[in-house]
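User: I have a model open and would like to go through a few side chains. Can we start with the rings?

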Amino acid sequence: MSDSKQEPSRHSGKRSSGPQGTRFFSTEALRQYASDAANGRDSEVSTRTPVLEGSSPGIEGRRFVIRPGRQAIGRRLDNDIVVDDLSVSGCHAWITQQHGRCIIMNTLSTNGTFVNDRRIHEVALRHGDHIRLGQAEFVFLTREHGQPRHSPWRWIGAAVALLLVAGAVAWWWLRSP
């Protein structure tokens with residue numbers, strides 16, 4: 001292992017291959033790839049793919065996709081959502097998406113977890129909720145900004161169904177002796 005060709009590159013952004021072709025990446029390169037992925041198509045917002053959107057300096061506009069299951073949020077690099085802010089604890093909170101609901105739970109953090117300016121231990125999140133972990137602030141989104149709550153097609157479908165039911169009742173009533 002003393003062969004210098006086998007050591008990973010220590011230069012930021014450069015990558016090299018290991019003995020079996022395994023690629024080594026610097027921490028900065030991995031963060032950049034993760035940031036690029038979070039800003040790509042995976043950051044589309046829907047009820048199935050909710051996001052936390054950063055609203056405080058340093059994370060403003062960054063989107064963190066909430067996947068099904070439990071994700072840890074905190075300052076440590078082993079968290080699912082890493083927030084590089086000294087006011088955020090190593091493992092500050094958990095956010096769980098299950099059966100179409102997202103629940104955030106404080107994990108005994110030093111500076112607390114707040115939803116809509118109320119200190120919480122555990123709470124179900126709704127679209128537009130403001131979340132604060134230490135000094136890091138987020139908005140919980142289940143649809144894009146400016147997107148209507150319900151699709152107009154939903155109302156059109158309901159109106160058609162109502163007309164069909166009314167027609168069936170009228171037909172039955174007119175055919176009765």
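User: Which residue lies over the face of Phe114?

Analyst: Arg132 does, at 4.1 Å from the ring centre. A charge counts as over a ring if NZ of Lys or CZ of Arg is within 6 Å of the ring centre and within 35 degrees of the ring normal. This is a predicted model: local features need pLDDT of at least 70, side-chain atom pairs count only at pLDDT 80 or more, and totals for chains, interfaces and linings use all residues. Residues are numbered from 1 along each chain as its sequence is written, and side-chain values use heavy atoms, with hydrogens and water left out.

User: And what lies over the face of Trp94?

Analyst: Arg70, at 3.8 Å from the ring centre.

User: How many aromatic pairs are there in the whole structure?

Analyst: One. Pairing of Phe, Tyr and Trp (its six-membered ring) needs centres within 6.5 Å; planes under 30 degrees apart are stacked, over 60 edge-to-face, the rest tilted. The ring centres of Phe64 and Phe138 are 6.0 Å apart and the planes are at 75°, so this pair is edge-to-face.

User: Switching to Gln71. What does its side chain reach?

Analyst: The backbone nitrogen of Arg67, at 2.8 Å. Gln71 has 1% relative accessibility, so it counts as buried.

User: How far apart are the C-alpha atoms of Gln71 and Ile95?

Analyst: They are separated by 5.4 Å, with the residues 24 apart along the chain.

Terms used: Buried < 20%, exposed > 50% of the residue type's maximum accessible area, 1.4 Å probe, protein only. Polar contact = N/O pair within 3.5 Å; in protein donor to acceptor, adjacent residues only side chain to side chain.
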